Amino acid sequence: MDVNFANRGFTKIIPIQFKDELKNLQIKIYDLTKNLLEKHDQNLDIQDKLKLKFKNKPSNDDWSRLMGEINKSNELKELINCKPVEDAFKIIFDNPKPFEISTFRARFPEQKRVLYNWHQDEGTWYLSKKKEHLNKFPATLWLSLNGANKDESIQLVKYSHKKKLLNHNFVSGQGFFNIDKKNEIDENDIFTVETKASEGVLFHPLTIHRSVPATKINFKPRYTIDIRYYDENFEKKFKVDWKFSVKRILKKIF
């Protein structure tokens with residue numbers, strides 16, 4: 001297993017060597033957003049097209065339409081299940097298998113639903129009643145599709161995976177994506193991710209992380225995918241905050 005993943009709770013930034021899977025998805029995204037972008041040369045390379053700014057602030061409908069179309073697309077499915085992605089997970093797993101929940105993310109200016117507070121991925125489906133979600137303990141590959149700088153990416157908390165699954169509170173429009181406020185984050189342990197397109201970081205299901213808070217209006221979109229795989233033989237024993245355990249019991253009853 002990767003030493004950084006085991007010790008810090010996440011790997012170094014890693015490049016994924018795609019064939020056509022990444023480019024096909026990038027083209028799909030561009031085709032759905034090109035009318036929203038500032039005036040540009042149609043002959044630009046697809047990498048440069050996805051770095052263009054919006055000419056105006058996109059509407060909520062624009063964002064929802066893109067999210068819906070991409071998340072149900074064959075291009076996304078092919079990328080999530082391709083060999084280069086599976087090989088990336090072999091850094092941490094002996095026998096990686098795709099988890100049911102992998103999601104395309106689009107960060108648009110002033111779109112609040114794309115900003116997630118401090119949480120652990122395991123907490124987002126810990127209360128699920130679907131057997132496909134439980135007892136899998138998947139790791140996440142946060143993959144950049146058009147590059148992400150320190151003002152628009154995610155932040156990870158070093159060593160936080162060695163603690164327990166914290167109590168998560170429900171956020172409207174998102175789900176259980178917010179740990180109790182009493183769980184303070186040590187500023188010295190925060191790592192801010194910066195990537196180029198086709199680069200990503202693998203992190204543990206108990207690693208605390210969040211979206212970088214918006215400090216200014218950035219009209220350049222940021223596109224990523226949360227890709228999740230699991231290994232049936234990966235260690236799944238962990239402590240759970242008692243409040244969250246009670247929520248799970250009540251969820252099963254009601």
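The side chains of Arg105 and Asp226 form a salt bridge, with nitrogen and oxygen 2.9 Å apart. This pair ties together distant parts of the chain. Arg105 lies in strand E3 (residues 103-107), while Asp226 lies in strand E11 (residues 222-230), 121 residues apart. Both Arg105 and Asp226 are buried. The model is a predicted one.

**Salt bridges**

How accessible is Asp226? Its relative accessible area is 9%, so Asp226 counts as buried, the limit being under 20%. Arg228 is buried too, with a relative accessible area of 3%.

Now turn to Lys90 and Glu86. Their side chains meet in a salt bridge at 4.0 Å, N to O. Lys90 is partly exposed, at 43% relative accessible area. Glu86 is also partly exposed, at 28%.

| Salt bridge | N to O distance |
|---|---|
| Arg105 and Asp226 | 2.9 Å |
| Lys90 and Glu86 | 4.0 Å |

How many salt bridges are there in the model? The count comes to 13.

Strand E6 covers residues 168-171, and strand E7 covers residues 175-179. In which sense do E6 and E7 pair? They are antiparallel, and four bridges join them. His168 stands opposite Ile179 in E7. Together, E6 and E7 make a hairpin, with three residues between the strands. Gly173 sits in the turn and has a positive phi of about 85°.

Most residues other than glycine have a negative phi. Two residues here go the other way. Glu110 has a phi near 60°, a positive value in a residue other than glycine. Glu110 is in the loop between E3 and helix H7 (121-125). Phe137 has a positive phi as well, near 55°. Its place is the loop between H7 and strand E4 (139-144). Is Phe137 buried or exposed? Phe137 counts as buried, because its relative accessibility is 4% and the limit for buried is under 20%.

**His161 and its surroundings**

His161 is in the loop between strand E5 (154-157) and E6. With a relative accessible area of 8%, His161 is buried. What does the side chain of His161 reach? It reaches the backbone oxygen of Ala6, at 2.9 Å. Leave aside the neighbours within four places in sequence, and His161 still has a list of contacts. Phe5, Ala6, Asn7, Arg8 and Gly9 are among them. His204, Leu206 and Thr207 are also in contact with His161.

**A nonpolar patch on the surface**

Which residues form a nonpolar patch on the surface? They are Trp242, Val246, Ile249, Leu250 and Ile253. Together they have about 540 Å² of accessible area. Val246, one of the patch residues, is in helix H8 (residues 242-253).

Definitions and conventions:
Residues are numbered from 1 along each chain as its sequence is written. This is a predicted model: local features need pLDDT of at least 70, side-chain atom pairs count only at pLDDT 80 or more; totals for chains, interfaces and linings use all residues. Side-chain values use heavy atoms; hydrogens and water are left out. Buried means under 20% relative accessible area, exposed over 50%, partly exposed in between (1.4 Å probe, protein chains only). Helices (H or I, at least four residues) and strands (E, at least two) are DSSP runs, numbered from the N terminus. Two strands pair if DSSP finds at least two bridges between them. Patches are made of residues with over 30% relative accessible area and no salt bridge: like charges are joined within 9 Å, nonpolar side chains (Val, Leu, Ile, Met, Phe, Trp, Tyr) within 5 Å. Accessible areas come from the Shrake-Rupley method with a 1.4 Å probe; for residues, only the protein chains shown count as cover. A polar contact is a pair of N or O atoms within 3.5 Å; within protein, one must be able to donate a hydrogen and the other to accept it, and residues adjacent in sequence count only if both atoms are side-chain atoms. Contact means heavy atoms within 4.5 Å.
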